[in-house]
Amino acid sequence: MNKTDCIFCKILAGEIPSTQVYRDEQVTAFRDIHPAAPTHVLIIPNRHISSVNDVTEADEGLMGHLFTAAKQIAKAEGIAESGYRLIINTGPDGGQEVFHLHLHLLGGQRMRHPMG
Ligand code: 5GP
Ligand code: ZN
């Protein structure tokens, strides 16, 4: 999938509505349309990268920034202390459905998960 038919690029462009919770020059965060937890935010790079398979060394700063943004958003959502999960699905077996790299921020309750 390229950026012209990418749902998340359309969200970034404001062509598809979303509930945005954070935006800076590198990343944007908005609420998942089908939340799997009381807090479920998706944090995405503002530049289209399809998946972790397409991350390069030049993206290392951007990837780190996803995590500092996640930390800030967790605090703003009031779940920094109670805790949260950060998940990046990659490819078909990883359960990736939208091919614009995104970090799931999930919190607000203890979640059942195959990894405990
Ligand atoms: P993935 O399975 O690719 O890791 O996660 C994709 C996520 O995007 C899913 O949790 C899904 O609910 C969410 N999603 C898909 N389409 C939209 C949309 O149009 N708006 C928002 N806010 N979330 C979406
Ligand atoms: Zn995209």
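A surface patch here groups residues with over 30% relative accessible area and no salt bridge, its nonpolar side chains being joined within 5 Å. All views show a predicted model.

**View 1. A nonpolar patch on the surface.** Five residues form this patch: Val52, Phe67, Tyr84, Leu86 and Ile88. Together they have about 380 Å² of accessible area. Ile88 sits in the loop between strand 4 (84–87) and strand 5 (103–107). The relative accessible area of Ile88 is 31%, so this residue is partly exposed.

**View 2. The tetrahedral site of the zinc ion (ligand 2).** Four protein donors lie 2.1 to 2.3 Å from the zinc ion: Cys6 (SG), Cys9 (SG), His48 (ND1) and His100 (ND1). Angles among the four donor atoms run from 106 to 118°. Along the sequence, the donor residues follow the spacing C-x2-C-x38-H-x51-H. His48 belongs to the loop between strand 3 (39–45) and helix 2 (60–76), and His100 to the loop between strand 4 and strand 5, so the pair ties together parts that are 52 residues apart in sequence. Both His48 and His100 are buried.

**View 3. The one aromatic pair found in the whole structure.** Phe8 comes from helix 1 (residues 7–12) and Phe30 from strand 2 (residues 27–31), so the contact ties together parts that are 22 residues apart in sequence. Phe8 counts as buried, because its relative accessibility is 7%. Phe30 is also buried, with a relative accessible area of 3%.

Note on methods. Residues are numbered from 1 along each chain as its sequence is written. Chains are lettered from A and ligands numbered from 1 in the order in which they are written. This is a predicted model: local features need pLDDT of at least 70, side-chain atom pairs count only at pLDDT 80 or more; totals for chains, interfaces and linings use all residues. Side-chain values use heavy atoms; hydrogens and water are left out. Patches are made of residues with over 30% relative accessible area and no salt bridge: like charges are joined within 9 Å, nonpolar side chains (Val, Leu, Ile, Met, Phe, Trp, Tyr) within 5 Å. Accessible areas come from the Shrake-Rupley method with a 1.4 Å probe; for residues, only the protein chains shown count as cover. A salt bridge is a side-chain nitrogen of Lys or Arg within 4 Å of a carboxyl oxygen of Asp or Glu. Helices (H or I, at least four residues) and strands (E, at least two) are DSSP runs, numbered from the N terminus. Buried means under 20% relative accessible area, exposed over 50%, partly exposed in between (1.4 Å probe, protein chains only). Donors are N, O and S atoms within 2.8 Å of the metal (3.2 Å for Na, K and Ca); water is not among the atoms, so sites may look incomplete. Four donors count as tetrahedral if all angles lie between 85 and 135 degrees; four count as square planar and six as octahedral if opposite donors are over 155 degrees apart and all others between 65 and 115; anything else is irregular. Rings of Phe, Tyr and Trp (its six-membered ring) pair if their centres lie within 6.5 Å; planes under 30 degrees apart count as stacked, over 60 as edge-to-face and the rest as tilted.
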